[in-house]
Amino acid sequence: MKKLLQILFVLSIVFPVVFLLLLSLGRRWAYPNILPAEINFENWEFLQKSDSKLFQAFFISLGISLCVSILVTVIGFFVSKTIAFNKFRNVYLILAYVPYLLSPVIMAVIFQYYFIITGLTGTFLGVIIAQFLIAFPFGIIIYLNFWNTKLKSIEELSLTLGGSRWQTFKYVLLPLSKNAIALCFFQVFLISWFEYGLTNLIGTGKIRTLTVSVFNFVIEANIYYAALACCLLVLPPMILLYINKSLMFFVEKSKTLS
Amino acid sequence: MKKISLIFFSAVVALPVCSGLVYASLYSLGIVGVLNSGVTLENWSIVIFGSPFWASIAFSLYVGIISISLSLLFALFIALSWRKALKNGMLSTVIYLPLCFPATVMAFFGFQMLSKSGFLSRLGFSAGIIDNLNSFPALVNDAYGIGIITTSVILVTPFFVILFTNLYQTEKISEYKELAITLGASKLELLHKVTLPILLKKSYATICLFVIFVMGSYEIPLLLGRQSPQMISVATLQKIQRFNLYDIPQGFAMAVLYVLIVVGFLLVLYLKNRNFFQAETHYK
């Protein structure tokens, strides 16, 4: 009975992927048919056309997510180190939690005006900056779980033994921080990759990422293309899961970083 | 370098929220904005004393609490009953798969499954349970938020399963259980006096944060919710983006009030769970 329940549970987890894949391959899914009348690769042929909207949306999403995650990972590393050993650490941490807790779309509502007057709405750069503003505090929270007194002592030991700041960073801190950096990069990538409300508001619909495309296709009642965009959205996280499942999961106070 | 880091942090984290709040407050008070003609408290009184804002907050809270409660029930059952499979078996990897699904994808999937012309309705028709499309119950765009709650539960449960599985190991619950068994505890006592208190106490702050996350969710209620009652993110954005420009100040007032509620909640959470935010990096 227990085994059967587990098998059913596994099937229920895998089912959404199979369902969306099938729908992305389908055409003419009239009620009450359980499966679409036509199943072929016609919808997927966009992969060969560089002018296809989905093809462009995939690379726009990828570009935005890579820019945001690289910026947050690099800048967050140094800023979080300063905050971690600052006497007002908890104040900064609480401040970091505010944008992290607020719905990104509410954040976008309150700072959209500044994007309008600076001409950043509807631009690639504007979406990157807006996403950076919500992802950066999250990056800080991830890194703050990582910095500890032991690490600080190792860093100081290296400096005491004659290592320069650069050598200490390159040969001591960086190797020890590999896991935290990877976790921050991939978690921020996922936040950016999954983001819809803020991207749509700041991008004013002109920056068509994959998530924006899903909603556009739903509005156009093109469920097959929406399913196809969903498959593309799920693809990079699944590759990440295949590489290292621990990079998919982050919770405050977790022990995965140390 | 240290000063630059702290200034950068303040500029990126605190400044956008504060300046955004200032602009939204000024707009809602009629001080700025094209159609505003002078200082007024009318928009705030409509939001505070009217029912739509509080109905949205209440509905969001209801969805958040029900979704997280159900997720916790399922997650505790799975994490505690299938511990071995989650540690070593195929389940140990498969359980991470739902973390690959963005809310947008889950909202679309939920709609295709639960709507009147969705997959479940088609299965019901084929099995002879329903005789036409309209006989299928309204599970999306419904008054009770069944579609939103179901989709949120599917999205959140795996996270809690992984969290509880990890906590079970890091908190050495099996050792406490062995001790309790030695002292004569029954299976039921082990569950509600050892395992559950440790797991729930350790994850209390995370659970609270998740209620707030679900309350503020946007994509799922946008696709699976209905016009009334609306969840707070959808309601606020609709006020701002409506064709009636006179609704915009109310939208900003709603946004400001929601931010204040969340910040207030965060402060209460901080004061009650200082350990959760406690520095592990005290350094002199």
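**The contact and the cavities**

In this predicted model, nine residue pairs are in polar contact between chain B and chain A, with both residues of each pair at pLDDT 80 or more. Helix α1 (residues 2-28) of chain B gives the most to the side of chain B that touches chain A, namely 15 residues. Sorted by class, that side of chain B holds 57 nonpolar, 24 polar and five charged residues.

The count of salt bridges between chain B and chain A is zero. The two chains bury about 8,100 Å² between them, and 79% of this area lies on carbon and sulfur atoms. Chain B brings 86 residues to the contact and chain A brings 85 residues.

Rolling a probe the size of a water molecule over the atoms shows where empty space is left. Here the count is three cavities of 30 Å³ or more. The largest cavity has a volume of about 1,200 Å³. Its lining is made up of 40 residues, and those closest to its centre are Ile191(A), Phe194(A), Leu155(B), Phe210(B) and Phe213(B).

With five residues, α11(B) gives the most to the lining of the largest cavity. By class, the lining of the largest cavity has 30 nonpolar, seven polar and three charged residues.

Terms used. Residues are numbered from 1 along each chain as its sequence is written. Chains are lettered from A and ligands numbered from 1 in the order in which they are written. This is a predicted model: local features need pLDDT of at least 70, side-chain atom pairs count only at pLDDT 80 or more; totals for chains, interfaces and linings use all residues. Side-chain values use heavy atoms; hydrogens and water are left out. Contact means heavy atoms within 4.5 Å. Buried area is the accessible area (1.4 Å probe) that two parts lose on being put together, summed over both. A salt bridge is a side-chain nitrogen of Lys or Arg within 4 Å of a carboxyl oxygen of Asp or Glu. A polar contact is a pair of N or O atoms within 3.5 Å; within protein, one must be able to donate a hydrogen and the other to accept it, and residues adjacent in sequence count only if both atoms are side-chain atoms. Helices (H or I, at least four residues) and strands (E, at least two) are DSSP runs, numbered from the N terminus. Ala, Val, Leu, Ile, Met, Phe, Trp, Tyr, Cys and Pro count as nonpolar, Asp, Glu, Lys and Arg as charged, and the others, Gly among them, as polar. On a 1 Å grid over the protein atoms alone, a cavity is a set of points where a 1.4 Å probe fits but cannot get out, and a pocket is an open set with protein on both sides within 12 Å along at least five of seven lines; lining residues have an atom within 4 Å of a point. Grid points are joined across faces, edges and corners, and a volume is the space filled by probe spheres set on the points.
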